[in-house]
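Here's a quick question-and-answer tour for a first look. Take a glance at the model, then read on.

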Amino acid sequence: NQFALGIDAHDTAEFRQTLADAGINIDALYPVIRGRLTAINGEPVVTAVSKDNDASNLEALNRELNLTVSGTLPLGNELLEGEWANPSSAPWPVSIESKLAEKLGVGLGDRLMFTLAEGDVEATVSSLRKVDWDSFQPNFYMVFPPAALVDFPATYLTAFHVPSGHREVLNTLLQRFPTVVLIDVDAIMTQVRKLLDDVSRAIEFVLIF
């Protein structure tokens, strides 16, 4: 019921320990590296995509993506095609979410170029994944092996559950890590439920009228 974004690399151990002291364990801290997809098989991405389908307005082409790394298939992901690869040196593989791959018109073996603030990274599509976007878990379109982005600065993202009687730990986190953004899913769902209740009452009033 909580997401934490923007955890500095130097704070990950202390962040994890702060939660552990409150009896809360987290499964993983996911590195987040910002990068833009700029080319497919050596062609500018908009040109390559527009040749095969009408996806030139795809959101993933018009903004930076949150890239991550993992040595194993992320929790809640299902491998649909290809193999999970974890090499320690280039050429780099990349695993891509299957629906995005379909919209981009890319598949196994295609070469993708990513432009990051510190330089470019070229990778070959090695697998396609099914991602459960409805789960309350961090999910990513693109996943690289850890060695591929080791030289690029990253912040970290995680998700965890805070029991109702331990919410004081959230104040502790905000005090110790003022740059971290906490997203309280419980609070969001409370607002959604209130909004639905208000809409329901309004509909009832209209029907009665």
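Q: What makes up the lining of the largest cavity, by residue class?
A: Its residues divide into six nonpolar, four polar and one charged. Ala, Val, Leu, Ile, Met, Phe, Trp, Tyr, Cys and Pro count as nonpolar, Asp, Glu, Lys and Arg as charged, and the others, Gly among them, as polar. Among the lining residues are Tyr30, Thr68, Arg129 and Phe140. By the way, this is a predicted model, where local features need pLDDT of at least 70, side-chain atom pairs count only at pLDDT 80 or more, and totals for chains, interfaces and linings use all residues. Residues are numbered from 1 along each chain as its sequence is written, and side-chain values use heavy atoms, with hydrogens and water left out.

Q: Why are helix 1 and helix 4 called roughly antiparallel?
A: Helix 1 (residues 12-21) and helix 4 (residues 168-176) pack at an angle of about 160°. Angles run from 0 to 180 degrees between N-to-C directions, with axes fitted to C-alpha atoms over the stretch in contact. Angles under 35 degrees count as roughly parallel, over 145 as roughly antiparallel, 65 to 115 as roughly perpendicular and the rest as oblique. So the two helices are roughly antiparallel to each other.

Q: Which residues of helix 1 and helix 4 meet?
A: Glu14, Phe15, Thr18 and Leu19 in helix 1 meet Val169, Thr172, Leu173 and Arg176 in helix 4, where contact means heavy atoms within 4.5 Å. By class, that contact has four nonpolar, two polar and two charged residues.

Q: Which strand gives the largest share of the second largest cavity's lining?
A: Strand 6 does, with three residues.

Methods:
Helix = DSSP H or I, 4+ residues; strand = E, 2+ residues; numbered from the N terminus. 1 Å grid on protein atoms, 1.4 Å probe; cavity = no way out; pocket = protein on both sides within 12 Å on 5 of 7 lines; lining within 4 Å.
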